[in-house]
Every structure is written in C-alpha cells, then in structure tokens.
Amino acid sequence: MAEERNTATGNQWKVGIGAYIALLVAILFFSGLFMKLDGMKWLSAFDFTTLGGTFGTMKEPAKSTFLGAGGVSAKAGFLFALSLVPTVMLALGFLEIFTHYGAIRAAHKLLTPLLKPLLGIPGLTGLALITDLQSTDAGAALTKELYDENQINKKELVVMSAWQYSGAGLINNYFAIGSALFAFLTAPVIIPLLLMFALKFVGAMIVRSVLNTVYKEDFSHEQ
Amino acid sequence: MSNNTKSTTSNNPFDIFVIGARKGYQIAINNLMPNVLMAYVVAEILNIIGAMQFIGSLFGPLMGIFGLPGEAVTVLLTSWLSSSAGTGIAVSLLSKGVLNGSHATILIPAIFLMGSQLQYMGRLLGVADVPKKYWPLLMAASILNACIAMIIMRFFA
C-alpha cells in the first residue's frame with residue numbers, strides 16, 4: 001500500500017515566507033512550550049512530547065500483554081502495531097502456501113462463468129479480477145494489458161475497474177491490515193470477507209447500469 | 001502491496017511459508033506500523049483539541065443509521081485515505097472504549113470497501129487508464145458499497 005514519494009526537489013534554495021513559518025512551527029512544536037499551559041490544554045495537541053504519548057502500564061500483570069493498559073498516542077500505536085506483526089506474518093505465510101497449491105486458480109475457474117451474466121464482461125477478465133484480490137497493482141497492470149491488446153473495450157474496462165476499485169487487494173488487505181480488528185469482531189471473520197466479495201459485484205453492477213444509462217452516448221460507437 | 005512476484009524457486013511448503021511470512025513482515029513494518037502510529041497520533045490530536053467529541057455529536061444522527069456512534073465517522077474518513085490508518089483509528093477508539101466489538105464488526109467491511117481510495121486512484125485507476133470522467137462514479141459506487149455493507153453487518157454484529 002502506501003508508497004509516498006518525496007516530490008520536493010529542485011527548489012531547496014528558495015526560502016519564502018512559508019519556510020520561515022515552517023521553521024517557527026517546528027521550533028514551537030519541539031520546544032515543549034505548549035506542553036503544560038494552564039487553561040489552554042488544547043495547545044498540547046501541537047507539542048512533540050505530548051504526541052509522543054505513553055506506553056501502557058502493567059496495571060494487572062496477570063492479564064496485560066506487553067502493550068499494557070492505558071497507553072496513548074505514538075508509543076501506544078507503535079507497540080500495538082508491533083503486536084500485529086506475528087499474525088500478519090502467519091496470515092501471509094499461509095496465503096502463500098494456499099496460492100502455491102492453486103487456490104487462486106480454482107477461484108478463477110469458479111468466477112469466470114459469473115462474469116458475463118453479472119457484469120457483461122468476458123470470462124477472460126477473470127484472471128485480472130482474481131489477481132486484484134491479492135495485489136492491486138498486479139490487477140491494474142493485467143487490466144491495462146487486456147485493453148491494450150483489444151481484448152476488452154472501454155466500457156468493459158470501466159466495469160472491471162469498478163469491481164477492483166472497491167475493496168482493492170481484498171484478501172491480502174483484509175488479512176494483513178484487518179487482522180488488527182479480528183479479536184474484537186462479534187461475527188466470524190469470514191462473514192465480512194464474503195460480504196465484501198459479494199458487494200464488489202454489486203458495485204460493479206451499479207456502475208455498469210449507470211454506464212448503460214447516463215453515459216450511454218459515450219459508448220455508442222462500441223458494441 | 002506489490003507482492004505478486006511468483007517466487008517458485010522451491011516446492012517445499014515450509015520454504016513457501018517463509019516467503020509469505022517475509023512479505024507479511026515487510027507489510028507489517030513498512031506499511032502497517034507507520035500508518036497505525038500516525039492514526040494513533042491523529043486520534044490523540046483530535047482528542048486533545050476536543051474535535052472528537054464535536055465530530056461525535058455532529059455525525060451522531062448519520063452514523064446512527066448504521067448502528068454506530070458519531071465518532072465512528074473518523075474511522076471511515078481516515079479509511080478513505082488509507083485502510084491501515086482507518087484500522088488504526090478504529091483500534092484506538094476501541095481501546096478508549098468509544099467503540100465496541102459490534103461497532104468494529106459493522107465497520108470492518110466498510111473500511112476496505114471504501115478504503116485507500118486516494119492512493120488507488122493512482123495505483124489502480126491511473127495504471128489501468130480508466131478515463132478520469134468516470135472516477136467519481138467509481139468512488140461513489142465504493143462509498144455506496146460501504147454503506148450497504150454497514151447496514152447488512154448490523155444483522156451479524
């Protein structure tokens with residue numbers, strides 16, 4: 001997921017008014033001046049030390065994990081994220097095995113006959129859609145390839161992308177990121193996953209019907 | 001997640017597991033951890049300046065439709081930017097007792113159905129060359145999906 005790129009290049013020698021404001025804010029942020037101002041507690045939201053937060057403490061050692069209880073902000077977030085690492089590794093380790101033994105190929109086979117009646121797109125798009133369940137980027141690349149090779153037209157491209165866009169990278173994201181919430185769920189873990197999978201079709205069908213009505217003109221030259 | 005590289009150098013299931021686990025580690029460290037940390041800090045800022053309570057009362061009626069407290073809207077808004085961050089907000093609200101397990105159950109499909117749309121614009125719609133004209137339509141469909149999901153999940157939560 002997040003692949004932020006630093007785009008600030010080339011103008012590092014221009015020092016405008018914004019730069020001085022940034023410097024001032026930086027100094028104030030790290031200074032600690034905002035930490036404890038009587039009557040203006042909200043200012044502590046812009047203080048480095050306050051936002052650093054605290055680790056939880058072992059209020060009840062018998063029950064607490066290393067997260068402790070009552071931690072806040074960056075420190076609590078860090079430890080919490082750390083506590084997710086084992087299950088994410090476990091989930092992706094097993095996903096890799098299931099993929100290796102053909103689980104994805106079987107899913108592809110089952111999905112293909114549904115595509116034409118439900119979404120009006122050819123069965124050969126199934127591979128790109130299935131791939132999207134694992135990797136957004138790979139799914140997008142396959143989709144573009146299909147269009148470039150004239151296997152699908154513009155309208156089919158939009159419908160396919162609609163299917164992929166809502167809940168992109170579904171399986172990997174759900175098990176890698178969503179696993180943070182699994183312990184809290186009051187329903188079996190599979191139910192949200194099946195629902196999301198079904199709704200991918202619903203969303204794409206909605207887009208398809210809008211394309212067939214509101215944007216009908218755009219595709220009159222295609223068949 | 002750009003991890004579709006078929007590394008079929010070994011057929012040993014133990015080796016395959018390790019390859020996957022390594023991917024999981026990369027995701028957890030490079031992706032989950034910075035996002036969750038950010039989410040915790042954002043939640044704390046909103047909490048200190050009192051915006052959380054304000055958002056809670058402002059969106060209370062709207063979120064009530066989905067059986068959620070008003071504060072849950074912060075999870076959805078953040079999810080739109082990044083599902084990891086949205087999940088992080090959800091967990092921090094759970095640990096504060098603002099949300100409970102049923103709320104998490106209602107929210108979880110929505111987090112992913114409308115999740116990370118900002119970055120997927122570039123990574124999916126941009127890469128696949130979907131004409132920009134239809135982007136708002138796809139976005140609206142995703143948000144609609146999320147709403148449908150929350151309504152359905154009310155019956156399971």
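This is a predicted model: local features need pLDDT of at least 70, side-chain atom pairs count only at pLDDT 80 or more; totals for chains, interfaces and linings use all residues.
Let me begin where the two chains meet: helix α3 of chain A and helix α1 of chain B are roughly antiparallel to each other, because their axes cross at roughly 150° and an angle over 145 degrees counts as roughly antiparallel.

The crossing in which α3(A) passes α1(B) is right-handed. If we sort the residues of this contact by class, we find 29 nonpolar, six polar and three charged residues.

Now let us step back to the whole contact between the chains, to which chain B gives 68 residues and chain A gives 72 residues. On the chain B side, at least two residues come from each of the helices α1 (13–48), α4 (83–96), α5 (101–113), α6 (117–126) and α7 (135–153).

Let me turn to chain B as a whole. Chain B has seven helices and zero strands, and its C-alpha atoms fill a box of roughly 55 × 40 × 35 Å along the principal axes. Chain B has 157 residues, and 52% of them count as buried. When we take the contacts in chain B between residues at least 6 apart in sequence, 65% of these join residues that are at least 24 apart.

One residue lets us look at this in detail, namely A39(B), which is found in helix α1 of chain B. Is A39(B) buried or exposed? It is buried, because 27 other C-beta atoms lie within 10 Å, and the cut-off for a buried residue is 20 or more. Leaving aside its neighbours within four places in sequence, A39(B) is in contact with G77(A) from the other chain, and with T78(B), A85(B), G88(B), I89(B) and S92(B).

Another part of chain B worth a look is helix α3, residues 72–81, whose buried residues are A72(B), T74(B), V75(B), L76(B), T78(B) and S79(B). What covers these buried residues includes α1, α2 (51–64), α4 and α5 of chain B.

Finally, let me come to chain A, where the domain assignment gives domain 1 as 18–86 and domain 2 as 102–219. The C-alpha centres of these domains of chain A lie 39 Å apart. Also in chain A, helix α7 (residues 154–165) and helix α10 (residues 190–213) have axes that come within 8 Å and cross at roughly 150°, and these helices are therefore roughly antiparallel to each other. The contact is made by K155(A), V158(A), V159(A), A162(A) and W163(A) of α7(A), together with K200(A), G203(A), A204(A), V207(A), R208(A) and L211(A) of α10(A). By class, this contact has seven nonpolar, one polar and three charged residues.

Notes:
Residues are numbered from 1 along each chain as its sequence is written. Chains are lettered from A and ligands numbered from 1 in the order in which they are written. Axes are lines fitted to C-alpha atoms, for helices over the stretch in contact, and angles run from 0 to 180 degrees between N-to-C directions. Helices (H or I, at least four residues) and strands (E, at least two) are DSSP runs, numbered from the N terminus. Angles under 35 degrees count as roughly parallel, over 145 as roughly antiparallel, 65 to 115 as roughly perpendicular and the rest as oblique. Two residues are in contact if their C-beta atoms, placed from the backbone, lie within 7 Å. Ala, Val, Leu, Ile, Met, Phe, Trp, Tyr, Cys and Pro count as nonpolar, Asp, Glu, Lys and Arg as charged, and the others, Gly among them, as polar. A residue is buried if 20 or more other C-beta atoms lie within 10 Å of its own, exposed if 12 or fewer, and partly exposed in between; C-beta atoms are placed from the backbone. Domain bounds come from an automatic or database domain assignment. A crossing is left-handed if the near helix is turned anticlockwise from the far one by less than a right angle, and right-handed if clockwise.
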